[in-house]
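Me: Hi! Could you walk me through this model, starting with the overall layout and then going into the side-chain contacts?

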Amino acid sequence: AAYSRDEMKALTDVLKKHEHVWVMTDDMYEHLVYDNFVFCTPAEVEPALYDRTLTVNGVSKAYAMTGWRIGYAGGPQPLIKAMAKIQSQSTSNPSSISQAAAVEALNGPQDFIPENNKLFKSRRDLVVKMLNDCPGLTCLKPEGAFYVYPSCAGVIGKTFLRRRLRDLSAGVRGRRRRAGRSLRPFALFPDLLRNLDRGAGRGLQAHQEGLRAAELTSGRSP
């Protein structure tokens with residue numbers, strides 16, 4: 001779920017009344033929003049909270065730099081100084097190479113972000129459609145990030161799903177025994193998602209053919 005500006009303002013109006021409460025806001029997904037959703041952050045919506053708000057961000061998501069392990073924060077100077085002191089004694093500060101890479105990401109070309117968002121949006125739409133097409137499952141369409149949270153309330157207590165999962169599990173165990181240790185990891189899930197809605201010879205059939213191809217590549221017969 002993503003907060004609209006009006007919803008955020010309703011929250012900040014309450015926070016204004018409680019001066020002992022500080023605000024930490026995680027803006028990591030500010031660039032990963034869809035369907036013309038407009039991102040906003042508490043200190044932007046309500047400047048009166050500026051002096052007791054810590055804004056946290058990073059380059060892991062929008063810039064796909066998860067492995068660089070780098071983030072940043074902006075807030076009142078005494079708080080930032082205390083944070084820096086704690087970090088210097090616990091992790092010896094972030095890597096200088098990661099810091100330099102983050103500066104380049106933030107100051108460099110940003111044109112790839114909208115292109116990536118188009119791809120993320122198409123994946124979101126496909127996954128949400130597939131989930132909502134499953135009997136007993138429902139899923140809201142998120143306005144940001146790249147996660148979905150389907151509800152399985154409609155299948156709780158159903159026995160047909162248990163049997164199906166048991167059958168699938170037995171099939172997977174059989175393939176593992178045949179493949180042995182020589183079977184190398186085979187990335188099938190992205191292709192499975194891309195192909196599920198493309199008709200005959202795609203989706204689950206392509207998934208099974210990929211498994212067979214992987215087993216043959218390993219030098220063992222299926």
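Predicted model: local features only at pLDDT ≥ 70, side-chain atom pairs only at ≥ 80, totals over all residues.

Me: Thanks! How many helices and strands does the chain have?
Reply: There are eight helices and three strands. Helices (H or I, at least four residues) and strands (E, at least two) are DSSP runs, numbered from the N terminus. Along the sequence the pattern reads α-β-α-β-β-α-α-α-α-α-α.

Me: And how much of the chain is buried?
Reply: Buried residues account for 25% of the 222 residues. Buried means under 20% relative accessible area, exposed means over 50%, and partly exposed is in between, with a 1.4 Å probe and protein chains only.

Me: Let's zoom in on H5. What span should helix H5 have?
Reply: Helix H5 runs over residues 112-133, and at 1.5 Å a residue its 22 residues should span 32 Å. The end C-alpha atoms are 32 Å apart, which agrees. The expected span here is 1.5 Å times one less than the number of residues.

Me: Which residues of H5 are buried?
Reply: They are Ile 113, Asn 117, Arg 124, Leu 126, Val 128 and Leu 131.

Me: Which network do the shared partners make?
Reply: Salt bridges with shared partners join Asp 35, Lys 121, Arg 124, Asp 125 and Lys 141 into one network. Lys 121 and Asp 125 meet at 3.1 Å, N to O. These two are four residues apart in helix H5, so about one helical turn separates them.

Me: Where does Asp 35 come in?
Reply: Asp 35 forms a salt bridge with Lys 121, with the closest N and O atoms 3.8 Å apart. That pair links distant parts of the chain: Asp 35 is in the loop between E1 and H2, Lys 121 is in helix H5, and they are 86 residues apart. Asp 35 is partly exposed at 42% relative accessibility, and Lys 121 is partly exposed at 30%.

Me: How many salt bridges does the whole structure hold?
Reply: Eleven.

Me: Switching to aromatics: how many pairs are there?
Reply: A search of the whole structure finds five aromatic pairs. In one of them, the ring centres of Tyr 29 and Phe 146 are 5.8 Å apart and the planes are at 85 degrees, so the pair is edge-to-face. Rings of Phe, Tyr and Trp (its six-membered ring) pair if their centres lie within 6.5 Å; planes under 30 degrees apart count as stacked, over 60 as edge-to-face and the rest as tilted.

Me: How far apart in the chain are Tyr 29 and Phe 146?
Reply: They are 117 residues apart, with Tyr 29 in the loop between strand E1 (23-26) and helix H2 (42-45) and Phe 146 in the loop between H5 and helix H6 (159-179). Tyr 29 is partly exposed at 23% relative accessibility, and Phe 146 is partly exposed at 36%.

Me: What does Phe 146 do with Phe 120?
Reply: They form a tilted aromatic pair, 5.4 Å centre to centre with 50 degrees between the planes. Phe 120 lies in helix H5 and Phe 146 in the loop between H5 and H6, so the pair ties together parts 26 residues apart in sequence. Tyr 29, Phe 120, Phe 146 and Tyr 147 form one aromatic cluster.

Me: Last topic: how many disulfides are there?
Reply: The count is zero, where a disulfide is a pair of cysteine sulfur atoms within 2.5 Å. Cys 40 is buried at 5% relative accessible area, whereas Cys 152 is partly exposed at 42%.

Methods: Residues numbered from 1 in each chain as written. Heavy atoms only, no water. Salt bridge = Lys/Arg side-chain N within 4 Å of Asp/Glu carboxyl O.
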